[in-house]
Amino acid sequence: MERGEVTIIAGDARELRGVGDASVELVVTSPPYPMIARWDALFRELGAVDFDGMHRVLGDAWRACHRVLVPGGLLAINIGDALRSLDGEFRLWPNHARVVLECEGSGFRSLPYLLWKKPTNRPNAFLGSGFLPPNAYVTVDCEFVLLFRKGPLRAFPRGDHRRSASRYTRAERDRWFSQVWGDVRGARQDEDGRRTAAFPPAIPERLVRMFSVLGDTVLDPFAGTGTTLWAASGLGRRALGVERDPVLVERLRERARSWAAPEPRRSAGQVRGARSPPARRGGGS
Ligand SMILES: C[S@@+](CC[C@H](N)C(=O)[O-])C[C@H]1O[C@@H](n2cnc3c(N)ncnc32)[C@H](O)[C@@H]1O
């Protein structure tokens, strides 16, 4: 399959400057997670120091996504809840609930969501002590993939060839459209010794195939290392990424050039396949 064009914009997800109104069919993204310590400095730069403020920042990005999506366009947001003590009190910060409220408030309609059950190296770890009720906590090992639509169902002409060429198989449908995804690995990786929050390529690959057709434009407003862009362009969609960190923007541009370059000739016995996804530096939380 021919790779789709990749465009990287150095900019702010809250504005999506340079992205036209009603020009995108699908948004697939994983924003910085509120109340996860590693993102505190970034939210502070964006003017937010508490849970409400952080979600107001993200809310501006969801409003911008609503502007750029076509009617019937879909928004897929990978987000996890946070666990953190504040003023001596340990609690859950339900990021997924606040994202739903912000998106509904921006005009999106909620659709059934997915739960990505991340594999854990410590299956028996739990928070609390001993075996005495009632003060232990349930382990948080799922992240959400929240799904929203702008306006009515997307309409296609009868027998639309781009749509029929984007068909998935029955086995793929049965696996992908079940609510809990327990078969996607999310191993942490490092890049230049810095951890990032890339999701595994299987997440955007599935979402792109489930919710867009060949030739569509797929946007990631928090592009990071470019996992969504790599997946979308490899699946014959136009990929559009917005990223605020200038170092990541440069790396993204370099990577996008390497994806576009002709593949080197293979010696006998080498397996034909897609080029490697962007290096990953860590999980979403
Ligand atoms: C969780 S990471 C995204 C990881 C990405 N899914 C990947 O696979 O690499 C969030 C990214 O959003 C970027 N970011 C944070 N605030 C932003 C903003 N206002 N506009 C655009 N990008 C932003 C951060 O620099 C970071 O790269």
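Colleague: Which residues does A76 touch, not counting residues up to four places away in sequence?

Modeller: This is a predicted model, in which local features need pLDDT of at least 70 and side-chain atom pairs count only at pLDDT 80 or more, while totals for chains, interfaces and linings use all residues. Residues are numbered from 1 along each chain as its sequence is written. Two residues are in contact if their C-beta atoms, placed from the backbone, lie within 7 Å. With residues up to four places away in sequence left out, those touched by A76 are V27, V28, V145, L147, L207 and F211.

Colleague: Which members of the largest nonpolar core touch the most other members?

Modeller: A nonpolar core is a set of buried Ala, Val, Leu, Ile, Met, Phe, Trp, Tyr and Cys residues joined through C-beta atoms within 7 Å. A residue is buried if 20 or more other C-beta atoms, placed from the backbone, lie within 10 Å of its own, exposed if 12 or fewer, and partly exposed in between. The largest core has 59 residues, and the members touching the most others are V27, L75 and A76.

Colleague: Which element gives the largest share of this core?

Modeller: Helices (H or I, at least four residues) and strands (E, at least two) are DSSP runs, numbered from the N terminus. The largest share of this core amounts to 7 residues, and these come from helix 2.

Colleague: Which residue stands opposite A76 of strand 3?

Modeller: Two strands pair if DSSP finds at least two bridges between them. Strands 2 and 3 run parallel and are joined by 5 bridges. In this pairing, the residue opposite A76 is V28.

Colleague: How many residues of strand 2 are buried, and what stands opposite L26?

Modeller: Strand 2 is largely enclosed by the rest of the structure, because 6 of its 6 residues are buried. Strand 2 (residues 24–29) also pairs in the parallel sense with strand 11 (residues 217–220), over 2 bridges. There, L26 lies opposite V218.

Colleague: What is the strand order of the open sheet, and which strands are its edges?

Modeller: The open sheet is formed by 8 strands with mixed pairing, in the order 1-12-11-2-3-7-6-8. Two of these strands each pair on one side only, and these edge strands are strand 1 (6–10) and strand 8 (180–181).

Colleague: Is K118 buried or exposed?

Modeller: K118 sits in the loop between strand 6 and strand 7. Its C-alpha atom is separated by 7.4 Å from that of E143, 25 residues apart along the chain. Because K118 has 20 C-beta neighbours inside 10 Å, K118 counts as buried.

Colleague: Is R17 buried or exposed?

Modeller: R17 belongs to the loop between strand 1 and strand 2. The C-alpha atoms of R17 and V242 are 9.2 Å apart, although 225 residues separate them along the chain. Since 11 other C-beta atoms lie within 10 Å, R17 is exposed.

Colleague: Which residues of helix 3 are buried, and which are exposed on the other side?

Modeller: In helix 3 (residues 95–105), the buried residues are N95, R98, V99 and C103. They share one side of helix 3 because they cover an arc of only 130° around the axis, taken from the directions from the axis to the C-beta atoms. The exposed residues on the other side are L101 and G105.

Colleague: Which residues come nearest to the ligand?

Modeller: A residue is near a molecule if its C-beta atom, placed from the backbone, lies within 6 Å of it. Of the 22 residues around the ligand, the nearest are A198, F222, G224, T225 and T227.

Colleague: What share of the chain is buried?

Modeller: The chain contains 8 helices and 12 strands. Of its 285 residues, the share counted as buried is 36%.
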